[in-house]
Amino acid sequence: MAEKTLQAWYSCPGKDDDVIISSRGRLTRNLADFTFPSKLSQDDNQRVTSLIYDASSFNQNYYYVDVNNLSKANLRLLKDKAILSENCSALLLSGEESFCRINESDHLKIVEYSPGFDCKGVTERCYEKDSHFQEKLQFAASFELGYLTSRLRDLGSGLSVSIRIFIPSIVLSGHFKEISDFLTQKNCVLNQVYPSNSKHADFSEFIFDISSSNSFSGAELDQLAQIEAAGMYVLKTERKILAEFADNNPTVVLNFFRQSYAKAMNSLLLSYDEAVDLISCMKWGLSAKLIKGISHAQLNSMYFATKDGFLDYTCNSYAFEFEEDIKSDVDLKLKRLRAAVIQQTFEEIKNEKSVS
């Protein structure tokens, strides 16, 4: 039998991943008869953890991680993978796309990720695991309020579905307010992922998270439908505007790509902010059919692979020869390695168009 090759979820192709980078589902639950984690005694914290761990036996792939026993390097790596967050005391890991946080702001958070547009998939997987936990655990709930949570916005179903979107055409063409107003009407929240203070068009500024504003407005299916409708509207709008913008502004679009590509291939040191800008500009060039030789899945994975935690792990796991003047500076070594990773990924990119 051939050996199974494990591939991180964020490096896999997903539906509509030119615009919708990823989808996330999260279910928040608290055990009955225990206070929220911020008020738990050490003994009760351990008791809650033990109860959840015992109830997780339905999934043989889960393995338990005590956050207090992790090294700084592993802590940073798990945070870079969007697995670990602040104040989480333990994890149940079934994969980088499927895990549970224990005693964060709530006792249990079931989290599922998928590449591309897959709101229904991540939601169904969350509820599948929730149904197994429900067989052994009693969660705090009331008839009037639904599931009880530490944050008001999570009251009710406890469900939060979000998608990460890339919408440069919408922003550059001046249609952002129109999109923002539409999402507000759909009970959705829009948050910028990588704010930038740059005065030029920084493509990292065009990445946003869309999430439901709360978990108590309507049933779970209604909340899911809201996010799916919002994602579909944004997807169609971005593609439509891109086609018009690229046709009407070919020199501007080509200039963005060529400047970014030249910077990527000639830089010796790159910060993470610079890397996100370059990766995002390549995504726009690929969507505009200016380039070939790379996929959106490859580019989307680079948002993770160029973070400090990934690079630090790579640096410690393999022998690299750094220039004499930077080998004793950890920050410069990471910037040097980031530039090399970007260049290795971009080396197959081919420019498809020229200015006519």
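**The pocket and its surroundings**

A: Strand β1 supplies the largest share of the lining of the largest pocket, five residues. Helices (H or I, at least four residues) and strands (E, at least two) are DSSP runs, numbered from the N terminus.

Q: What sort of model is this?
A: This is a predicted model, where local features need pLDDT of at least 70, side-chain atom pairs count only at pLDDT 80 or more, and totals for chains, interfaces and linings use all residues. Residues are numbered from 1 along each chain as its sequence is written, and side-chain values use heavy atoms, with hydrogens and water left out.

Q: How many residues line the largest pocket, and which lie nearest its centre?
A: The lining has 34 residues, with R24, A82, Y113, R164 and D209 nearest the centre. A pocket here is an open set of points on a 1 Å grid over the protein atoms alone, where a 1.4 Å probe fits, with protein on both sides within 12 Å along at least five of seven lines; lining residues have an atom within 4 Å of a point.

Q: Which elements each supply at least two residues of that lining?
A: β1, β5, β8, β9, β10 and α9 do.

Q: OK, new topic. In what order do the strands of the open sheet run?
A: Eight strands go β2-β3-β4-β5-β1-β8-β10-β9, with antiparallel pairing. Two strands pair if DSSP finds at least two bridges between them. The edge strands, β2 (63-66) and β9 (188-192), each pair on one side only.

Q: And how many bridges link β9 and β10?
A: Five, in the antiparallel sense, with β10 covering residues 207-212. D209 in β10 is the bridge partner of N191, and D209 is also among the residues nearest the pocket centre.

Q: Where does K129 sit, and is it buried or exposed?
A: K129 is in helix α3, residues 119-136. K129 has a relative accessible area of 11%, so it counts as buried; buried means under 20%, exposed over 50%, partly exposed in between (1.4 Å probe, protein chains only).

Q: What is K129 in contact with?
A: Leaving aside neighbours within four places in sequence, F58, N59, Y62, S98, I110 and E112. Contact means heavy atoms within 4.5 Å.

Q: Last one: what about A305?
A: A305 lies in helix α9, residues 296-305, and is partly exposed at 25% relative accessible area. A305 touches F310 and L311, not counting residues up to four places away in sequence.
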